[in-house]
Amino acid sequence: MKNLFLGCLVVTVMGLAFWAYTENYATKNALDEIAQLNEDIVLAHSRLRVLNAEWAYLNRPDRLLQLVNANFDDLRLLQLTSDHFARLEQIPYPGPDLGPITEPIEVMNRAKSP
Amino acid sequence: MIRKPLRPLARIFSARSLGEDSNLIEHANRRERVEIEYERILRKTQRRLIMMGGIFIISFGIVGMRMTALAVSEPSEPKARATASHVLASRADIIDRNKRILATNIETHSLYAHPQQVIDPAATARQLSKIFPDINAIEMEARLSGANKFLWLKSAISPEEKQAVHDIGDPGLLFGAREMRLYPNGQLAGHILGGTTFGEQGVHSAEVLGVAGVEKAFDDFLRDPKLNGKPLQLSIDLSVQSALERVLYGGMRLMNAKAASAVLMEVHTGEILALSSLPDFDPNNRPHMLTEGDQADDPLFNRAVQGVYELGSVFKTFAVAQAMELGLVAADTMIDTKRFRWGKYSIKDFKNYGPELTVEKVLVKSSNVGTARLSQMIGDENQKTFLNKLGLLAATSIELVEGPTGKPQYPSNWSEISTMTISYGHGISTSPVHLAAAYSAIVNGGTLVKPTVVKQTVPHIGERIISQKVSMRMRSILRHVVTEGTASYGEVPGYSVAGKTGTADKPSIHSGYQKDKVLATFASFFPSNDPKYVLILTLDEPEDRTQSKPRRTAGWTAVPVAAEMIRRVAPLLGLAPEIEISPQNGLTLANN
């Protein structure tokens, strides 16, 4: 009985040791993965910052104005002035949708006309 | 183990046969047995002590080794606690009211040298001077050959420069990571942003510190790691700021002015949508402070915030508003405008407007005498209290580090003559931002606003300065200044501009005023029937030379520039033009 108990104890200790070993390595792997992810995040953030900075630099008002002037023949963009505003009543109200004409009515018979 | 008997029969018998005492044998054996037992216990105890000593030595050895390892190793963050907050621990961005980037960071490199590892100092110095024109080859060679173990060469270099230094191929030249502040819009809003510099520098990183403008005023906010990179949102509108700067620069050149400033403010919140001071600078490459000549000509000097000037007739608005608020006069009350003397001073107008004018005409024609008479009715104490309530006697609370330096100047002894001159803007010096906030308060319905460059999320209703009724009356009087008074060039079709001009002679360095040098100001707001924005435009020493005689008054110089500015900026602000309803003769509009 005593031997059986001791045997069980030894097996349990070995099992726990194996579990602790695998957990330890799983944790280390997870930490390495977090570190790698953090590095990726840092890189992604720095890439994003550079892209944002480039976007802001390329869209700076001075450059846009130069581009507008250089491409005036194609784009015909003008500065926004007060003439570009319209009142609501100046916009024509859209008429009712007539739908497709399925039954055309002949109002003039060209064949019989002199 | 076979125990030895105490009384072995063979020895007992032989002892008995010899006549000896057999008990002695037993005693001897018993003694021997006890001695053996003592010996065993002693060995066991010694073994235990040795084992305990061994455990102690091993345990303390482990602790000691761990302590040594900790002491000699480089500290590093525990992996399990490396969260994203560390990732974003860099200076926060600054964005405009529409979330467009005004300031951000980019990663660059610093260049440093370990002179003892430099193989050929002369060739290295020569090649460095080719890459960086500001490096002197001879001086650099001396530095690289010196006894120093470490040298900073450049705090931030571009990727192209880094590659060029790499190509030199000297092992003594090394790079460190650097985060650099970038203002992608260049000079735009340079005075608001201010600029940054490097603080404490290490090989791997460096502190980025604000040196002026919002960068310094919000340094703690921008560097706070707890905020996790939350950007600072300003009230500035990038498109409006760009249009305003462009028109201001054009106007300054056209009017031959040496400097100019403009402030565009939202009348209800005090938010500054655009602020410019010319000459300006690029915060990416902040110039050094001017060490010779007039400090006021320094591009770093923010005229709109730091510059306090006698702004002239634009102050008349406050005298008229206060007189009406106190119930001393109405818009149609007649005021004596005959020139008069007060002590050794003579109070007179630019030209003779006749013996008397209505209060409205005093402002429309800009009569110094009429305003001085109004100030006499108001009294010095009342005037001082009113100007103080408007915030014209203390530095503004604008969130730029330069704000507190723009402290108004006024006479310590507020005498009766001071009251009179201050009523038409002489004897008191304020900044354009002060004026913008005060005009906002007068025309927004009468409540105080505090100038701010940070986007406001909740409305603040300030202290009441004048009644709604007086505010409405002031709007209509100031509209008449444009339609029939000194600011006739201020008319912008569709935007019903109103405002007041001010032309102040510039004080001389010695005493008195300079004859041909003026500061022309136009304090305007639009649309006049429901004001949304106040625009203060100031030109320093303008001169319209298109005519035979140069014209310097604000009506000829500041007003046309401001009108062009409003024409450009108002559509960008989303203000639709309005057709003004002209008053019909004898008819009153009424509902059924």
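This is a predicted model: local features need pLDDT of at least 70, side-chain atom pairs count only at pLDDT 80 or more; totals for chains, interfaces and linings use all residues.

Reader: Which residues is B:E215 in contact with, leaving aside its neighbours within four places in sequence?

Author: They are B:L193, B:G194, B:G195, B:T196 and B:G210. For B:T196, the separation from B:E215 is 19 residues in sequence and 6.8 Å in space, C-alpha to C-alpha.

Reader: Now helix pairs. At what angle do the axes of α11 and α13 of chain B cross?

Author: Angles under 35 degrees count as roughly parallel and 65 to 115 as roughly perpendicular. The axes of α11 (residues 316–325) and α13 (residues 368–378) of chain B cross at roughly 45° and come within 9 Å. α11(B) is therefore oblique to α13(B). Their crossing is left-handed.

Reader: Which residues make the contact?

Author: From α11(B), B:K316, B:A319, B:V320, B:Q322 and B:A323; from α13(B), B:T371, B:L374, B:S375, B:M377 and B:I378. By class, the contact has 6 nonpolar, 3 polar and 1 charged.

Reader: How many residues does the contact between the chains take from chain A and from chain B?

Author: The size of an interface is often given as the accessible area lost when the parts come together. Counted by residues, this contact takes 22 from chain A and 29 from chain B. On the side of chain A, helix α1 (residues 2–58) supplies the largest share, 14 residues. That side divides into 12 nonpolar, 8 polar and 2 charged residues.

Methods. Residues are numbered from 1 along each chain as its sequence is written. Chains are lettered from A and ligands numbered from 1 in the order in which they are written. Axes are lines fitted to C-alpha atoms, for helices over the stretch in contact, and angles run from 0 to 180 degrees between N-to-C directions. Helices (H or I, at least four residues) and strands (E, at least two) are DSSP runs, numbered from the N terminus. Angles under 35 degrees count as roughly parallel, over 145 as roughly antiparallel, 65 to 115 as roughly perpendicular and the rest as oblique. A crossing is left-handed if the near helix is turned anticlockwise from the far one by less than a right angle, and right-handed if clockwise. Two residues are in contact if their C-beta atoms, placed from the backbone, lie within 7 Å. Ala, Val, Leu, Ile, Met, Phe, Trp, Tyr, Cys and Pro count as nonpolar, Asp, Glu, Lys and Arg as charged, and the others, Gly among them, as polar.
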